[in-house]
Amino acid sequence: MERFSWWQKGIIYQVYPRSYQDSNGDGIGDLAGIHQRLDYIQSLNVDAIWLSPIYPSPMHDFGYDVADYCDINPIFGSMDDFDALQEDIHARGLKLILDLVPNHSSNEHPWFVESRSSRDNPKRDWYIWRDPGLDGGPPNNWLSFFGGPAWTYDEHTGQYYLHQFVTQQPELNYRHPDVLPAMLDNMRFWLGKGVDGFRVDVIWLMLKDELLRNEPPNPGWGGVKPFESLQHIHTQNLSGVHDLIKQMRAVLDEYNDRMMVGEIYLPNQDLVKYYGARRADGSFDECHLPFNFQLLQMEWDAQTVQDAVDAYEAVLPEGAWPNWVLGNHDKHRVATRIGQAQARVANMLILTLRGTPTTYYGEEIGMENVSIPLEFVQDPPAVNQPEIAHIVGRDPIRTPMQWNNSSNAGFTEESIVPWLPLAADYQDRNVEQQEKEPTSMLGLYRALTGLRRSEPALAVGDYVSVGTNAANVFAYQRSAAGVDSFLIVLNFGEQSHTLDLSQIASQATIAVATDMQRSGVVDLSNLVLGPNEGLVLIRYK
Ligand code: GLC
């Protein structure tokens, strides 16, 4: 395993800082709170912690509107808190990944304050300003992801500025020669402090069409999300973005063993271009990992998932390292999408596939979406588009971590109102409760992560899918030279199946079962798989 880096062998655990642990009684999570929970994080056998943005921000997009790239938001603590947290993370042999948000800043960032101050300010063109269109409206038809036009008119200078998210997130202009170097210095600031890498926000949007051409209508639009009514050919995935990413990668390469994982929602053939070109030493020159979000968006049945895994494996460039994600702070929680029983199967899947898994906090205990009463709805896409809030709103997936059954679930003091409401079921579904139950989702998660850590075939071995002839069962093998190999058999449905897998071996031993009870040796010519059951089977070498 030595030739593999931590970001290949390891598991990434995403913490949404506002919602993990409040240490100072303001109802919002903070760095000292995360620090208090490091024993727990370590007990999950994960290897790296990714923190969603912790920088100063007026919080119009909950920290993804950065007002200072090189400081800590007082809501989350101080730079001393950060240093102490990072030191402890490193002392435990864990890695720390920060969120980097280069595509846009806050409108309160000093760069934008300057840019906005006059048309001839030296920073004017650090952002994307244009005169009104002929009708006095926005310069073109581009849309915001969060509803409405992607342009906001600025009275003071009589021009519009571009923002693909909220109005308070003006987009930086990477066609101006000084912007990327400034962002690279922000990266060096944190790398110099010792952070191990970045999750890079909307990296595939960083460059826009220079001519600001209108985007054509999307004939496949389902009529639900207005943003999807256009084909985003002039705002997404422009070929020039790869040159920017190469320069970002070169900065990471100035330091030892750092990494970058890019947020990219694209089909495989475009996605894999974000690895960049392979260099003589076998490494690539863009993202170490372009996030692979397929499992977040697909129908949950065995054939679809197997086809997707096989297709992704097939399209990966030689030597490129795969990765898998079940959830994040933008997408409905996996246990809500597919149900608790299948959420166990899903955890077994991503913790046994080839490629780095990323777990969104709470997935290890099966946290679900929480329905948010109207007075608590705060997420901009939901606020701006109330009629589709249930589809686009992200508050339901950002609710406080469920630690125990005390009021407020141990997230904050009992007398405090947390920034988002707790799940109705937190008294049953929480860490303390699940630690008492060996068969809990948490028990399963730890069994799987522990196995992945100790078994080279699971951590870094080859993947090959296995035909089973059973509808809704996905089976695959993981193997590496000279070590035990594994056969994983996952039932995606409610029917039980009897499988004949004798082409692989006559017998195998159950290493982990989704119910955390079944054990022993199984006959592979007559393998009974219960409803929603997954098995990790070991084949001794
Ligand atoms: C990314 C983030 C999302 C944020 C958006 C704008 O998609 O994951 O939370 O709202 O970028 O920064």
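Reader: Which residues does Lys 246 touch, not counting those up to four places away in sequence?
Author: Lys 246 touches Gly 276, Ala 277, Asp 285 and Glu 286, with neighbours up to four places away in sequence left out. Contact here means heavy atoms within 4.5 Å.

Reader: What kind of model is this, and how is it numbered?
Author: This is a predicted model: local features need pLDDT of at least 70, side-chain atom pairs count only at pLDDT 80 or more, and totals for chains, interfaces and linings use all residues. Residues are numbered from 1 along each chain as its sequence is written, and side-chain values use heavy atoms, with hydrogens and water left out.

Reader: Back to Lys 246. Where is its place?
Author: Lys 246 is in helix 7, residues 241–252. Helices are DSSP runs of H or I, at least four residues, and strands are runs of E, at least two, numbered from the N terminus.

Reader: Is Lys 246 buried or partly exposed?
Author: Partly exposed, with a relative accessible area of 29%. Buried means under 20%, exposed over 50%, partly exposed in between, using a 1.4 Å probe and protein chains only.

Reader: How many Å separate the C-alpha atoms of Lys 246 and Gly 194?
Author: 21 Å; Lys 246 and Gly 194 are 52 residues apart along the chain.

Reader: Switching to His 329. Where is it found?
Author: His 329 sits in the loop between strand 10 (323–325) and helix 11 (334–338).

Reader: Buried or exposed, that His 329?
Author: His 329 has a relative accessible area of 1%, so it is buried.

Reader: Which side chains make polar contacts with the side chain of His 329?
Author: The Gln 14 side chain does, at 3.0 Å. The Asp 330 side chain does too, at 3.4 Å. A polar contact is a pair of N or O atoms within 3.5 Å; within protein, one must be able to donate a hydrogen and the other to accept it, and residues adjacent in sequence count only if both atoms are side-chain atoms.

Reader: What else does His 329 touch?
Author: Beyond four places in sequence, its contacts include Tyr 16, Trp 50, Arg 199, Arg 394 and Arg 398.

Reader: Now the whole chain. How many helices and strands?
Author: The protein chain has 17 helices and 19 strands.

Reader: What about its radius of gyration?
Author: The protein chain has 24 Å, which agrees with the value near 24 Å for a compact globule of 541 residues. The radius is taken over C-alpha atoms, and the globule rule is 2.2 Å times the number of residues to the power 0.38.

Reader: And what share of residues is buried?
Author: 60% of the 541 residues.
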